[in-house]
Amino acid sequence: MTQFKAFEVTKEEDGSFTRAIVERDTSDLPEGDVLIRVAYSSLNYKDALSATGNPGVTRNYPHTPGIDAAGVVAESSDASIAEGTEVIVIGFDLGMNTAGGYGEYISVPSGWVTPLPAGLSMRDAMILGTAGFTAALCIHKLESAGMSPSGGPVLVTGATGGVGSVAVRLLSQAGYETHAVTGKASEHEFLRNLGASEIHDRSEFEDESSRPLLRETWGGVVDTVGGAILFNCIKALKYGQSAAACGLVSSPMIPASVFPFILRHVNLLGIDSVELPLDEKNVIWSNLASNWKIDNLEDFVAPLTIDTLSDAIDRILAGEMVGRGLLTHSS
């Protein structure tokens, strides 16, 4: 048994939620095949929802959020995962109803664990985290559906967020003409440095027009926001191209018709990084460690400690976070 620090969210008797840094013991963790000493985690929008009592994310409290973790195996009952191995865990139930990466230790099933691929450090893996992984998964699925640099510009919505910013960098590195959508005029330089060739204000895409189609413009779309913005992007896809939907911060609903799908032969691709089978997750991580490896990952980092995490949660909920919040554990 080992004592460790954890960021814990508690539901009070009046229904409010409080946050505190507590001392826990590894014996308090759920039974799992692998005990991991966490070196890094990251801040995602889903973590902020967990930390504020969203029942669609977390049902049982007290709880330690953190849907991402990278660390070193401390104990293992699975012969294929040796003690001392550097590993990544994202998705599945981590940080939702299973104590997550905002604690210095996690205990998880071996089927959730990805050995850290050569070419990627634990720090790099958590700068990417679920958000970077999701961005790569969007591009992987879009390319599998036929997207290519010769097919026209690719649009990324919510481009200053975790998924959007990594998507802009990945696409630009891969030779795509990359356009970014944001409502943050102050972050245009940030997006240009990531490789965005053109930046559009979010208001250009918010019109809930009844027009069934817009001018064919996009050779692909990575959408992180949903709502009218997503459907306006779909209406402007080039014939046979696709939009990958991975977020709903604007709205989970879209004011849709079937016209673009029938008349333009376009596709709406759903992206889920949570329950994606481990072998498929491993492929994406291997790509991010090799042919999709991102230059200058430090450009994305907003450094966090367990002491500054609560304030960062409030910022991401307010839409004020830019890039990737990286939590470094002190132990």
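Start with the largest pocket: select Tyr-45, Val-163, Thr-224, Gly-247 and Val-249, which lie nearest its centre among 44 lining residues. A pocket here is an open set of points on a 1 Å grid over the protein atoms alone, with protein on both sides within 12 Å along at least five of seven lines; lining residues have an atom within 4 Å of a point. This is a predicted model, where local features need pLDDT of at least 70 and side-chain atom pairs pLDDT 80 or more, while totals for chains, interfaces and linings use all residues. Numbering runs from 1 along each chain as its sequence is written, and side-chain values use heavy atoms, leaving out hydrogens and water.

The largest pocket's volume is about 1,100 Å³. Now colour α1 (45–51), α2, α3, β9 (178–182), α8 (309–317) and β15 (324–328): each supplies at least two residues of that lining. By type, the lining has 19 nonpolar, 18 polar and seven charged residues.

Next, pick out the second largest pocket, about 230 Å³. Its lining includes His-200, Glu-204, Arg-211, Trp-218 and Asn-232, and splits into four nonpolar, four polar and four charged residues.

Last stop: the one cavity of 30 Å³ or more, a cavity being a set of points where a 1.4 Å probe fits but cannot get out. Select Ile-139, Glu-143, Leu-170, Leu-171, Ala-174 and Trp-292 to see its lining. α2 (122–144) and α3 (162–173) are the elements giving two or more residues to that lining, which counts five nonpolar, no polar and one charged.

Definitions and conventions. Points joined across faces, edges and corners; volume = space filled by probe spheres on them. Helix = DSSP H or I, 4+ residues; strand = E, 2+ residues; numbered from the N terminus. Nonpolar A, V, L, I, M, F, W, Y, C, P; charged D, E, K, R; others polar.
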